Amino acid sequence: MESFEQCLNAVKDYCRLSEAETIYNLWLKGLEPVSYDDGKATLSVSTAFIKSTVEERYLPLLKRAFSQVMGFDIEIKIVSRAEMPGDEGEKSGAQSFGPEGQYTFENFIVGQDNRFAHAAAQAVAASPASTYNPLFIYGAPGLGKTHLLLAIKNSLTKTHPQLKVIYIGGDQFTNELIAAISSGSTEAFHDKFRSADVLLVDDVQFIGGKEATQEEFFHTFNALHNDHKQIVISSDRPPKEIKSLEERLRTRFEWGLLADVQPPDVETRISIIYRKAEQLGLKISSEVAEYIAVNVKNDVRQLEGAVKKLGAYYQMDGISPSIGLAQNAIRDILSEQQPIPVTVEKIVNEVARTYNVSPEDIRSAKQNASVSLPRQVAMYIVREVTGMTMERIGAEFGGRNHATVVYGTSKVEKLMQNDTRTKELIEDIIKNSKT
Ligand code: ADP
Ligand code: MG
């Protein structure tokens, strides 16, 4: 499969060069390899609508591209992931997680910070359109919104197979609408969405500022809601904060239930790490799990990424996860996903400015009382923001040992808990050092 995948990448490059970018992005970019066998390639796309368009318009191009890349002609079959049996098909628009990855309620780890959204999603899956309608789930990226929407879909497919459940991303809704308008098939577009029993719209914030899409979505929403059909929406922020969202849509989004997902606490992060490791068949010690949980905080996707990296090390070289490897994995993940690193220097300068001491003193081995608090604050922020190890932080601050850093950072943590002004001050410093 790996080489077929490479081959498909080359085919897609060919297509990209021979078509306008919007066309390519709309119809061809999402092609994924399913199988290749004896001159027959099967490729998947996310929806039945894209499948029919690709079949009608882009098969000759794909054939030509394959022939160029492989040196002979092949047969091509397109399938829609939304219609594929099993779990593979449910993943369109979401990051996949290994072959065992399943966006189900069973695989969703519940903690304080997502309990409410999880319960609401389960209630909707148990009896659609009779509890919360619409259900609006919001929260920062990587906290399980897509997972919950697809869990509703997966669960309904099992318990209410007669219902037509449509899952679509806000951007995909927009793309399909544009395509429908340009090909004069808006009627089919209306029918498709208005015939849903359950409509799951992921990342609805993408329709902000897009008038035609909002207009269309407004009517779809009303039609479904009047018919007592279930609507579930996710967004990276609450309706009030979606930029350029028409008031009438905002109001509708607030009709039902708003549920947020927040970053998981450390216990939940540890449970998630164990679950992801288990799915990969990877044994992970409690030290390593804790190490990852302490250093990766705000994004479950990153937690998952770290576990996946450890899984890959294990598969490639047979090395079991250790703290050292976890350190590498986390460093890779953080640098891949946070392209603008906040440097220690920036943080130290910002702290120095705030407390009116010199940056050199903060980083020195000096013991005087006037710099020790600012130094502890700086160490705390460095740990929070960069996820650096205690050892490295110690080295950055006058060669202090691990225990001193632990002591200093936990002192600052306590201060922040007991004193909101210190907390705000530190949050401001963090904000400033990120700009
Ligand atoms: P979002 O849509 O909020 O950006 P996703 O639902 O795509 O986030 O989640 C990112 C990844 O993290 C997915 O692979 C998902 O399965 C996983 N994930 C998020 N929250 C949880 C959780 N509570 N339990 C298990 N896995 C989770
Ligand atoms: Mg998502």
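Which residues does S155 touch, not counting residues up to four places away in sequence? I found that S155 touches F105 and A125 under that condition, where contact means heavy atoms within 4.5 Å.

**Entry: ground rules.** I noted that this is a predicted model, in which local features need pLDDT of at least 70 and side-chain atom pairs count only at pLDDT 80 or more, while totals for chains, interfaces and linings use all residues. Residues are numbered from 1 along each chain as its sequence is written, chains are lettered from A and ligands numbered from 1 in the order in which they are written, and side-chain values use heavy atoms, with hydrogens and water left out.

**Entry: S155.** I looked up the place of S155 and found it in helix α5, residues 145-159; helices (H or I, at least four residues) and strands (E, at least two) are DSSP runs, numbered from the N terminus. S155 is buried because its relative accessible area is 19%, given that buried means under 20% relative accessible area, exposed over 50%, and partly exposed in between (1.4 Å probe, protein chains only).

**Entry: nonpolar cores.** I then turned to the largest nonpolar core, which has 50 residues; such a core is a set of buried Ala, Val, Leu, Ile, Met, Phe, Trp, Tyr and Cys residues joined through side-chain atoms within 4.5 Å. The residues with the most contacts inside it are L135, L148, I152, L200, I273, I292 and L310. For L200, leaving aside its neighbours within four places in sequence, I listed contacts with L149, I152, K153, V165, I166, Y167, I168 and V232. Apart from that core lies another, of 26 residues, among them W27, L28, A41 and I74. In soluble globular proteins, nonpolar side chains tend to be buried together.

**Entry: the three-stranded sheet.** I traced an open sheet of 3 strands, with the order β1-β2-β3 and mixed pairing; two strands pair if DSSP finds at least two bridges between them. At the edges stand β1 (32-37) and β3 (75-80), each with a single partner strand, so one side of each is left without a neighbour in the sheet. From one strand to the next, the twist averages 20°.

I went through the pairs one at a time. β1 and β2 pair in the antiparallel sense over 5 bridges, and S35 stands opposite T42 in β2. The hairpin of these strands has 2 residues between them, and in it D38 takes a positive phi near 50°. Strand β2 (residues 40-45) and β3 run parallel and are joined by 6 bridges; A41 has I76 in β3 as its bridge partner, and V45 stands opposite S80 in β3. Helix α3 (residues 48-70) packs on the sheet, touching β1, β2 and β3, and its direction makes about 150° with that of β3; axes are lines fitted to C-alpha atoms, for helices over the stretch in contact, and angles run from 0 to 180 degrees between N-to-C directions.

Is β2 largely enclosed or left open by the rest of the structure? I found that 5 of the 6 residues of β2 are buried, so this strand is largely enclosed.

**Entry: ligand 1.** I counted 18 residues surrounding ligand 1, the closest being G142, K145, T146, H147 and E304; a residue is near a molecule or strand if one of its heavy atoms lies within 4 Å of it. For polar contacts (pairs of N or O atoms within 3.5 Å; within protein, one must be able to donate a hydrogen and the other to accept it, and residues adjacent in sequence count only if both atoms are side-chain atoms), I noted these:

- A backbone N or O atom of G142 is 2.6 Å from an oxygen atom of ligand 1.
- A polar side-chain atom of H147 is 2.7 Å from an oxygen atom of ligand 1.
- An N or O atom in the side chain of N114 is 3.3 Å from a nitrogen atom of ligand 1.

Entry: V261 sits in the loop between β8 (257-260) and α10 (266-279), and counts as buried because its relative accessibility is 1%. Not counting residues up to four places away in sequence, V261 touches residues including D113, N114, Y138, K145 and L148. The C-alpha atoms of V261 and Y138 are separated by 6.2 Å, although these residues are 123 residues apart along the chain.

S235 is found in strand β7, residues 230-235, and is buried, with a relative accessible area of 0%. A polar atom of its side chain lies 2.7 Å from the backbone oxygen of R237.
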